[in-house]
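Me: I have a structure open and want to go through it with you. Can we start with pockets and then move on to side chains?

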Amino acid sequence: MNIVVNSTAFVRELRLLNQIAEAKPTLPILSNVLLGAHNDNVSLYATDMELGLTTSCRAQVSEDGLITLPVKRLLGMVEQFPDADVTLQLHQALYPRVESDEKLARIYHDVEMPLLSVLFAMERH
C-alpha cells in the first residue's frame with residue numbers, strides 16, 4: 001500500500017474509529033484499524049465486536065493495499081503533522097519485518113489475517 005493523504009482529513013476519521021477500538025482487547029486485532037486503499041480513496045474500519053464503523057477519505061493511491069495498524073498509535077503519529085500531506089508506505093516497511101520474525105509471521109498469517117474476513121462478514125450481516 002502506498003498512499004498520500006491529508007493529515008487533517010485522516011485524523012478526523014481516525015478519531016472516530018479510536019472511540020470504537022478497544023484499549024485492552026481480548027483479541028489484539030480489536031485495537032487496530034483496517035486500512036484499505038483503492039481508487040484514490042482510503043477506507044478505514046474498526047470494531048469492538050458489538051459495534052463496527054467504516055469510514056473513508058480521499059487519498060492519492062499509487063499502490064492498492066489492505067493492512068491493519070494500531071489505531072491509537074497511528075492517530076498519535078498523524079496528529080503530529082497538522083494540515084500536511086502524509087505518505088504511508090506500509091507494506092514495504094512492515095511486511096519484511098513481520099516475515100523476518102517466525103513467530104510474528106505465524107501470528108500474522110494464522111491469526112490476524114483470517115480474522116479480517118470474519119470481522120467483515122459479521123459487520124455485513
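Predicted model: local features only at pLDDT ≥ 70, side-chain atom pairs only at ≥ 80, totals over all residues.

Me: OK, how much space lies in the largest pocket?

Reply: About 940 Å³.

Me: And how many residues line the largest pocket, and which lie nearest its centre?

Reply: The lining has 31 residues, and Thr68, Leu69, Pro70, Leu94 and Val98 are the ones nearest the centre.

Me: Which gives the most?

Reply: Helix H3, with 7 residues in the lining of the largest pocket.

Me: What does the lining look like by class?

Reply: There are 22 nonpolar residues in the lining, against 6 polar and 3 charged.

Me: Switching to charges. How many salt bridges does the structure hold?

Reply: There are 3. One is between Arg15 and Glu79, whose side chains come to 2.9 Å, N to O. That pair links distant parts of the chain, since Arg15 is in helix H1 and Glu79 is in the loop between H2 and S7, 64 residues apart.

Me: Arg15 and Glu79, how exposed are those?

Reply: Arg15 has a relative accessible area of 45%, so it counts as partly exposed. Glu79 is also partly exposed, because its relative accessibility is 36%.

Me: What does Arg106 pair with?

Reply: Arg106 forms a salt bridge with Glu102, and their closest N and O atoms are 3.3 Å apart. Both residues lie in helix H4, 4 residues apart, which is about one turn of the helix.

Me: Is Glu13 buried or exposed?

Reply: Buried, because its relative accessibility is 8%, and the cut-off for buried is under 20%.

Me: What else does the side chain of Glu13 meet in a polar contact?

Reply: The side chain of Thr55, at 2.3 Å. Thr55 is in strand S4, residues 52-58, and counts as buried at 13% relative accessibility.

Me: Which residues does Thr55 touch, not counting those up to four places away in sequence?

Reply: Glu13 again, along with Leu17, Val42, Ser43 and Leu44.

Me: Back to helix H1. Where does Ser7 sit, and is it buried or exposed?

Reply: Ser7 is in H1, which runs over residues 7-18. Its relative accessibility is 1%, so Ser7 is buried.

Me: What does the side chain of Ser7 reach?

Reply: The backbone nitrogen of Asp83, at 3.0 Å. Leaving aside neighbours within four places in sequence, Ser7 is in contact with Val78, Phe81, Pro82, Asp83, Ala84 and Val86.

Me: What is the phi of Asp83?

Reply: Near 50°, which is a positive value in a residue other than glycine. Most residues other than glycine have a negative phi. Asp83 is in the loop between H2 and S7, and with a relative accessible area of 58% it counts as exposed.

Me: Where is Asn39, and what is its phi?

Reply: Asn39 is in the loop between strand S2 (32-38) and strand S3 (41-47). Its phi is near 50°, again positive in a residue that is not glycine. Asn39 counts as exposed, because its relative accessibility is 58%.

Me: Last topic. Where is Ser100, and is it buried or exposed?

Reply: Ser100 is in helix H3. At 62% relative accessibility Ser100 is exposed.

Me: Which backbone atom lies 2.9 Å from a polar atom of its side chain?

Reply: For Ser100 that is the backbone oxygen of Arg97.

Me: And how far is Ser100 from Asp48?

Reply: Their C-alpha atoms are separated by 30 Å, and the two residues are 52 apart along the chain.

Notes:
Residues numbered from 1 in each chain as written. Heavy atoms only, no water. 1 Å grid on protein atoms, 1.4 Å probe; cavity = no way out; pocket = protein on both sides within 12 Å on 5 of 7 lines; lining within 4 Å. Points joined across faces, edges and corners; volume = space filled by probe spheres on them. Helix = DSSP H or I, 4+ residues; strand = E, 2+ residues; numbered from the N terminus. Nonpolar A, V, L, I, M, F, W, Y, C, P; charged D, E, K, R; others polar. Buried < 20%, exposed > 50% of the residue type's maximum accessible area, 1.4 Å probe, protein only. Polar contact = N/O pair within 3.5 Å; in protein donor to acceptor, adjacent residues only side chain to side chain. Contact = heavy atoms within 4.5 Å. Salt bridge = Lys/Arg side-chain N within 4 Å of Asp/Glu carboxyl O.
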